[in-house]
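Hi,

Here is the structure I promised to pass on. Please open it beside this email and follow along.

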Amino acid sequence: MIPKIIFKVSWVHNLMFDENRYINKQERKKPKYSPKEGTELLKKSKLFIDYFNSNSEKILKLIANKSGFYWKEDKIIVYISDTVPNSYEDPLTLKYQENRECMHLVLIHELIHRNVPENLQNSVTDKERETWVEVISKEIYDILNINCPEYPGLDIRNVNKFDKPKEQSLKEYLYKTMN
Ligand SMILES: [Zn+2]
């Protein structure tokens, strides 16, 4: 089973993260993030959504294959937001970016977090967990030939120095090194 990916724009979600507007008490009475802005965000995200959807099955299968873990969810809602400071995995919130490839890359990263078992991710440091995710990400980016020059993760995490062979899934690698 691979999950169905559903893209949404949540007005409340965007409003909550809209710090500049929300922090100001006077402004708080009348919400500033308007439903119209949400509609526009969805409209400008359409190219990205179509692009992802045309490839989503392949991407989700690749993630499970590279991680070695089955998908546990049958659907994942992805909230696209233009007010969040960063993307994060749960609830999966994707920061809108003009650059479609960069957005794609970040979504793959967050989806990997959703695929690798939570207890395993919680058993290691943030640094280790992010390295695992980026190592899988890099293999997928290379296969899909996607690239974002501004994306810092792969260098920061020293992905090229991680000694998992490409043929091995993360699960197999961890099993061999941890036991
Ligand atoms: Zn991460």
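**The chain as a whole**

Residues 24 or more positions apart account for 67% of the contacts in the chain with a separation of 6 or more. Two residues are in contact if their C-beta atoms, placed from the backbone, lie within 7 Å.

This is a predicted model: local features need pLDDT of at least 70, side-chain atom pairs count only at pLDDT 80 or more, and totals for chains, interfaces and linings use all residues. Residues are numbered from 1 along each chain as its sequence is written.

The chain has ten helices and four strands. Both kinds of element are DSSP runs numbered from the N terminus: helices are H or I with at least four residues, strands are E with at least two. Read from the N terminus, the order is β-α-α-α-α-α-β-β-β-α-α-α-α-α.

Now the overall dimensions. The C-alpha trace spans about 60 × 35 × 30 Å along its principal axes.

Buried residues make up 25% of the 179 residues. A residue is buried if 20 or more other C-beta atoms lie within 10 Å of its own, exposed if 12 or fewer, and partly exposed in between; the C-beta atoms are placed from the backbone.

**Two helix pairs that share α8**

Start with α5 (residues 56–67) and α8. They pack at an angle of about 135°, with their axes 10 Å apart. That makes α5 oblique to α8. Axes are lines fitted to C-alpha atoms, for helices over the stretch in contact, and angles run from 0 to 180 degrees between N-to-C directions. Angles under 35 degrees count as roughly parallel, over 145 as roughly antiparallel, 65 to 115 as roughly perpendicular, and the rest as oblique.

The crossing of α5 and α8 is right-handed. A crossing is right-handed if the near helix is turned clockwise from the far one by less than a right angle, and left-handed if anticlockwise.

Which residues make the contact of α5 with α8? From α5 come Ile59, Leu62, Ile63, Lys66 and Ser67; from α8 come Ile136, Glu139, Ile140 and Ile143. They divide into six nonpolar, one polar and two charged. Here Ala, Val, Leu, Ile, Met, Phe, Trp, Tyr, Cys and Pro count as nonpolar, Asp, Glu, Lys and Arg as charged, and the others, Gly among them, as polar.

Next, α6 (residues 100–115) and α8. Their axes come within 9 Å and cross at roughly 130°. The two helices are therefore oblique to each other. The crossing of α6 and α8 is right-handed. On the α6 side, the contact is made by Leu105, Ile108, His109, Ile112 and His113; on the α8 side, by Val133, Ile136, Ser137, Ile140 and Tyr141. By class, this contact has seven nonpolar, three polar and no charged residues.

**Single residues to look up**

Is methionine 103 buried or exposed? Methionine 103 is buried, with 23 C-beta neighbours inside 10 Å. It lies in helix α6. Leaving aside neighbours within four places in sequence, methionine 103 is in contact with Phe48, Leu94 and Gln97.

Aspartate 74 lies in the loop between α5 and β2 (75–81). It is exposed, with 9 other C-beta atoms within 10 Å. Aspartate 74 touches Met1, Pro3 and Lys4, not counting residues up to four places away in sequence. Lysine 4 is 70 residues from aspartate 74 in sequence, yet 6.1 Å away in space, C-alpha to C-alpha.

Valine 12 lies in helix α1 (residues 11–17). With 10 C-beta neighbours inside 10 Å, valine 12 counts as exposed.

**Two backbone points**

Most residues other than glycine have a negative phi, and most peptide bonds are trans. Asparagine 145 has a positive phi of about 60°, although it is not a glycine. It sits in the loop between α8 (126–144) and α9 (153–156). Asparagine 145 counts as exposed, with 7 C-beta neighbours inside 10 Å.

The peptide bond from aspartate 90 to proline 91 is cis, with omega near -5°. Look for proline 91 in the loop between β3 (88–89) and β4 (92–95).

Best wishes
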